[in-house]
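I opened this entry to record what I looked up in the structure. My notes follow in the order I made them.

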Amino acid sequence: MDRGTTAHPLSWLQVPVAAALIASALSLPIQPYTGLVLREDLVVDVIPGSPGARSGLRPGDRLLPIATAGPRWRSVQPPLAAAVPEQPVRIERLRRGLSDPVWLVPDPLPAGERRMMAALLLVASGFVLLGGWVWSERRDRLTAPFLVLSLAFAWVLAPVPRFPWPELGTLHELFYAGFQLLLP
């Protein structure tokens, strides 16, 4: 069976997915735990005894984005983008129409959360390996969508990496949105 050329454009899709998985793995130790369940900027739930509960946040609060200096495309970051374990971060809370500052000191990830993120990373890596293996063995009209779907599942399942540069975070978000569009 002819496997086609190794420089097929779909083969190169594995590179950004593998890079995202590596970034996810390397950033696991610096993932902050806030104890907040967020839906965009709305606090849906607060785990009792968590850093979010200690800072006085309650369900129904809105966390306002932090305006930063720099290019306009990255001038507004998510409220918890600067969160690092054991370092206080100042956020703006909107409760009943009143805005006030709140200091939140995230904890390192609890063991159960860290294991769950590692398990998600392993499953995502399995999708990349499976899709790449099938693609390397047989390149036809059926395996091309299988490869893209496997890579999309891997990207969506992997824990969101924390990048030291905002540009990489924006690039990750663009790829994430693109792969989400491929899933349906």
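I counted helices and strands as DSSP runs, a helix having at least four residues and a strand at least two, numbered from the N terminus. The model is predicted. By that rule I found five helices and nine strands in the protein chain. Reading from the N terminus on, I noted the order α-β-β-β-α-β-β-β-β-β-β-α-α-α.

Entry on the whole chain. I looked up burial and found that 33% of the 184 residues count as buried. I then took the contacts with a separation of 6 or more, and 56% of them are between residues 24 or more positions apart.

Entry on Leu-57. I located Leu-57 in the loop between helix H2 (51-54) and strand E4 (62-64). Is Leu-57 buried or exposed? Its relative accessible area is 3%, and the cut-off for buried is under 20%, so I put Leu-57 down as buried. Leaving out residues up to four places away in sequence, I listed what Leu-57 touches: Leu-36, Val-46, Gly-52, Leu-63, Ile-91, Arg-93 and Arg-95. I also checked Leu-57 against Trp-103: they are 46 residues apart in sequence, and their C-alpha atoms are 10.0 Å apart in space.

Entry on H3 and H4. Two packed helices are described by the angle between their axes and the distance between the axes. I looked up both for helix H3 (residues 111-137) and helix H4 (residues 143-157): the axes come within 8 Å and cross at roughly 165°. Angles over 145 degrees count as roughly antiparallel, so I wrote down H3 as roughly antiparallel to H4. The crossing of H3 and H4 is left-handed. Which residues meet there? On the H3 side I noted ten names: Leu-120, Val-123, Ala-124, Phe-127, Val-128, Leu-130, Gly-131, Gly-132, Val-134 and Trp-135. On the H4 side they meet Thr-143, Ala-144, Phe-146, Leu-147, Ser-150, Leu-151, Phe-153, Ala-154 and Leu-157. I sorted the residues of this contact into 15 nonpolar, four polar and no charged.

Entry on aromatic rings. How many aromatic pairs are there, if ring centres must lie within 6.5 Å? I counted one aromatic pair. The ring centres of Phe-127 and Phe-153 are 5.3 Å apart and the planes are at 50°, so I noted the pair as tilted. Phe-127 is in helix H3 and Phe-153 in helix H4, 26 residues apart, and the pair links distant parts of the chain.

How values were computed. Residues are numbered from 1 along each chain as its sequence is written. This is a predicted model: local features need pLDDT of at least 70, side-chain atom pairs count only at pLDDT 80 or more; totals for chains, interfaces and linings use all residues. Side-chain values use heavy atoms; hydrogens and water are left out. Axes are lines fitted to C-alpha atoms, for helices over the stretch in contact, and angles run from 0 to 180 degrees between N-to-C directions. Angles under 35 degrees count as roughly parallel, over 145 as roughly antiparallel, 65 to 115 as roughly perpendicular and the rest as oblique. A crossing is left-handed if the near helix is turned anticlockwise from the far one by less than a right angle, and right-handed if clockwise. Contact means heavy atoms within 4.5 Å. Ala, Val, Leu, Ile, Met, Phe, Trp, Tyr, Cys and Pro count as nonpolar, Asp, Glu, Lys and Arg as charged, and the others, Gly among them, as polar. Rings of Phe, Tyr and Trp (its six-membered ring) pair if their centres lie within 6.5 Å; planes under 30 degrees apart count as stacked, over 60 as edge-to-face and the rest as tilted. Buried means under 20% relative accessible area, exposed over 50%, partly exposed in between (1.4 Å probe, protein chains only).
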